[in-house]
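Please walk me through this model stop by stop. At each stop, tell me what to select and what I will find there.

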Amino acid sequence: MVAEGSFILLAGFFALLFIGMPLGVALGIAGVAVLAIEKLGIMAFPTNVWTGIAKYPLLALPVFIVAGMMFEKSGVAERLVRFAEACIGNRTGGLAIVAVIVCMVLGGISGSGPADAAAVAMVLAPSMLKQGYPRPYIASLTAAAGSTAILIPPSIAFIVYSVLVPGVSLNALFLGGLIPGVLAGLSLLFPAIWLAKKHGFGKPDPNVVRPPIWQTFKEAIWGLMAPIVILGGLRSGAFTPTEAAVVAVFYGLFVGVFIYRTLDMKKIYEVLAQSAEISAVVMIIIALASVFAHAGSTVGTFDAAAKTLISFTANETVMLLAITVILLIAGMLIDGVSIFLVFLPILLPIAKTYGWNLTWFGIIMTMNIAIGQFTPPMAVNLMVTCKVAGCTMESTVPWVLWFVLAMLCSLLLVTFVPEIALFLPRLMGDL
Amino acid sequence: MTDHADIQAPGLKLGEAPPAVSESIERIFGAAVMGILCLITFANVLVRYFTNISFAFTEELSVALMVIGALVGTAAAFAGDRHIRLTFLVERMSIPKQRVLELFILAVCLALFGLLTWLATRYVWDEYRFEVLSPGLGIPQWRYTVALPVLSCLICLRILGRFVRVARTVGA
């Protein structure tokens, strides 16, 4: 029963996935097929669809999506870019540094990579092109920097992980993701500046007037405050994650309507309607994945798969590297949240066998996923930034691989020095 | 770049007609659900900080609203092919072949959500028969869960609609 059920579940899922079935449906069909064939009780299908998403902690997901979108539509990216330009000044690779830093700050407001990358690429691409940055370079850099959004709190990926893994606190994940996220972002600066110097683009432009710091700061401060409001609210224990999200929504609404005066009724409606569908697309996958997970754990697939993997190697380091490779490949193929849903049931028993800290494990899984988001051929972030920069994904390969390499280095650092991730949550008493 | 759902999943370009029944129905509904969710949650924060009244029973309402929003958004995403899917391999095929494959895929989706509609109806019927009460407010649970069969029926209609539209492009 284990072998037959597991085969139907996994082979069925992957076959459907590769022919282009919507991910949720592929998970659902595989799960339902196992429930029916192994006679595990088909009523588990509607029950799990409902209970899979009818969870209060999951409410943070749609609300954080609204918050991120609200700030983005209010034009916070442009103002942050101007302030960063004023601070960094006119130097070789200056705009590349601006791109990375603004992506990281925006990551502290929104929790999804592609939206973050697209916002920064749209604002910066025109001026970067003027300074001679090649289009594929712009696409690669912003895609890579945007991927830090799922590491720097708030993060949609962490919300899903904490809902799926009982006993891991979302506060600890948010706090733990901060240093690895910043580390990953900063590591991109090395190839960014080195490539600019080597190929001689991004040179200081004598005609550019450096914007006055104080004036740009006054505009940007409202955006800069957002991550502080969110993290500070969570930190002080004043807000639960969902409450912090909703406070950010109304703070963004206030800034957009009264300070920047960029949001009108039509734009607010757009924000709500688009966030509704973006959250729906993620949540239906979570709902159907819980059918998949129920079928898999009832039939014993995940334990069997975990045992098989462990039987290949008893060496902890080899296992960690193997997981990294598997997740990187998966990250190239499907989007981040879905990776948690597909791989967590198999990887959690392994993590427990080795006694790994589950907060740290969530963070390195998320780092893996972040890298996958801009590694061709299937990279959600890169797809978006290529569209904005006006180049093909193939043309980015010689550039983007350097950024992949840089972020891989920081991933390995966090993998082998877990304290980088765990230090902050431990300090704050979240572990 | 205004269409954000596009950012998540660009879908296949099969050249089918736009939906005959506008997706704005779902969009308005989805936006309303999101707006109400934010308002309830924010009211919760305010009430908790400025008074001693517990507003916690709204959790149950929020959660039900969230599920409703998810199902409505799923329907719209089916109409516009904006669900997350792996299109890398399929895009290597010729457009006529992609269209035929798409019909098969939509048929499978329809089967899944058709089954969900039927089983969810039985699920809600059981809750009604056995008078299951909700844990928070103590009102009949079926008043929440009835959304599942009704909205999965809506999802079926959206899948069917796109099936018909893609089918018209085959051989055309």
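## Stop 1

Begin by selecting Thr145(B): leaving out residues up to four places away in sequence, it touches Trp50(A), Tyr123(B), Val124(B) and Glu127(B). The model on screen is a predicted one. Thr145(B) belongs to helix H5 of chain B. Its relative accessible area is 0%, so Thr145(B) counts as buried.

## Stop 2: two positive phi values in chain B

Stay in chain B and select Asp81(B), which sits in the loop between helix H3 (58-79) and helix H4 (95-129). Its phi is near 55°, a positive value in a residue other than glycine. Is Asp81(B) buried or exposed? Asp81(B) has 7% relative accessibility; buried means under 20%, so Asp81(B) counts as buried.

Next select Glu131(B), in the loop between H4 and helix H5 (142-145) of chain B. Glu131(B) also is a residue other than glycine with a positive phi, here near 50°. At 62% relative accessibility, Glu131(B) counts as exposed.

## Stop 3: where the chains cross

Show H14(A) together with H3(B). Their axes are 7 Å apart and the packing angle is about 95°. The two helices are therefore roughly perpendicular to each other. On the H14(A) side, display Glu277(A), Ala280(A), Val281(A), Met283(A) and Ile284(A); on the H3(B) side, display Met66(B), Gly69(B), Ala70(B), Leu71(B), Gly73(B), Thr74(B), Ala76(B) and Ala77(B). Sorted by class, this contact has 9 nonpolar, 3 polar and 1 charged residues.

## Stop 4: the largest nonpolar core

Which residues have the most contacts inside the largest nonpolar core? They are Phe45(A), Leu61(A), Tyr137(A), Tyr161(A), Trp356(A), Phe361(A) and Phe113(B), in a core of 211 residues. Helix H14 (residues 265-299) of chain A gives the most to this core, with 19 residues.

From that set, select Leu61(A) and show its surroundings. Leaving aside neighbours within four places in sequence, Leu61(A) is in contact with Ile156(A), Ile159(A), Val160(A), Ser279(A), Val282(A), Met283(A) and Ile286(A). Met283(A) was also on display at the previous stop, as part of the contact between H14(A) and H3(B).

## Stop 5: a helix pair within chain A

Select helix H5 (residues 76-88) and helix H7 (residues 113-130) of chain A. They pack at an angle of about 55°, and their axes are 9 Å apart. That angle makes H5(A) oblique to H7(A). H5(A) passes H7(A) in a right-handed crossing. To see the contact, show Ala77(A), Glu78(A) and Val81(A) of H5(A) with Ala119(A), Val123(A) and Leu124(A) of H7(A). By class, the contact has 5 nonpolar, no polar and 1 charged residues.

## Stop 6

Move to Leu141(A), in helix H8 of chain A. Its relative accessible area is 0%, so Leu141(A) is buried. Not counting residues up to four places away in sequence, Leu141(A) touches Ala96(A), Ala99(A), Val100(A), Met128(A), Ala192(A) and Phe403(A).

Follow the chain to Pro154(A), in the loop between helix H8 (135-146) and helix H9 (156-164) of chain A. What is the peptide bond from Pro153(A) to Pro154(A), cis or trans? That bond is cis, with omega near -5°.

## Stop 7

Select helix H19 (residues 380-389) of chain A, where 7 of the 10 residues are buried, so the helix is largely enclosed by the rest of the structure. The buried residues are Val380(A), Asn381(A), Leu382(A), Val384(A), Thr385(A), Cys386(A) and Ala389(A). Just after H19(A), Gly390(A) has a positive phi of about 75°.

Finish at Trp402(A), in helix H20 (residues 393-416) of chain A. With 38% relative accessibility, Trp402(A) counts as partly exposed. Its contacts, neighbours within four places in sequence aside, are Pro191(A), Trp194(A) and Leu195(A).

Key. Residues are numbered from 1 along each chain as its sequence is written. Chains are lettered from A and ligands numbered from 1 in the order in which they are written. This is a predicted model: local features need pLDDT of at least 70, side-chain atom pairs count only at pLDDT 80 or more; totals for chains, interfaces and linings use all residues. Side-chain values use heavy atoms; hydrogens and water are left out. Helices (H or I, at least four residues) and strands (E, at least two) are DSSP runs, numbered from the N terminus. Buried means under 20% relative accessible area, exposed over 50%, partly exposed in between (1.4 Å probe, protein chains only). Axes are lines fitted to C-alpha atoms, for helices over the stretch in contact, and angles run from 0 to 180 degrees between N-to-C directions. Angles under 35 degrees count as roughly parallel, over 145 as roughly antiparallel, 65 to 115 as roughly perpendicular and the rest as oblique. A crossing is left-handed if the near helix is turned anticlockwise from the far one by less than a right angle, and right-handed if clockwise. Contact means heavy atoms within 4.5 Å. Ala, Val, Leu, Ile, Met, Phe, Trp, Tyr, Cys and Pro count as nonpolar, Asp, Glu, Lys and Arg as charged, and the others, Gly among them, as polar. A nonpolar core is a set of buried Ala, Val, Leu, Ile, Met, Phe, Trp, Tyr and Cys residues joined through side-chain atoms within 4.5 Å.
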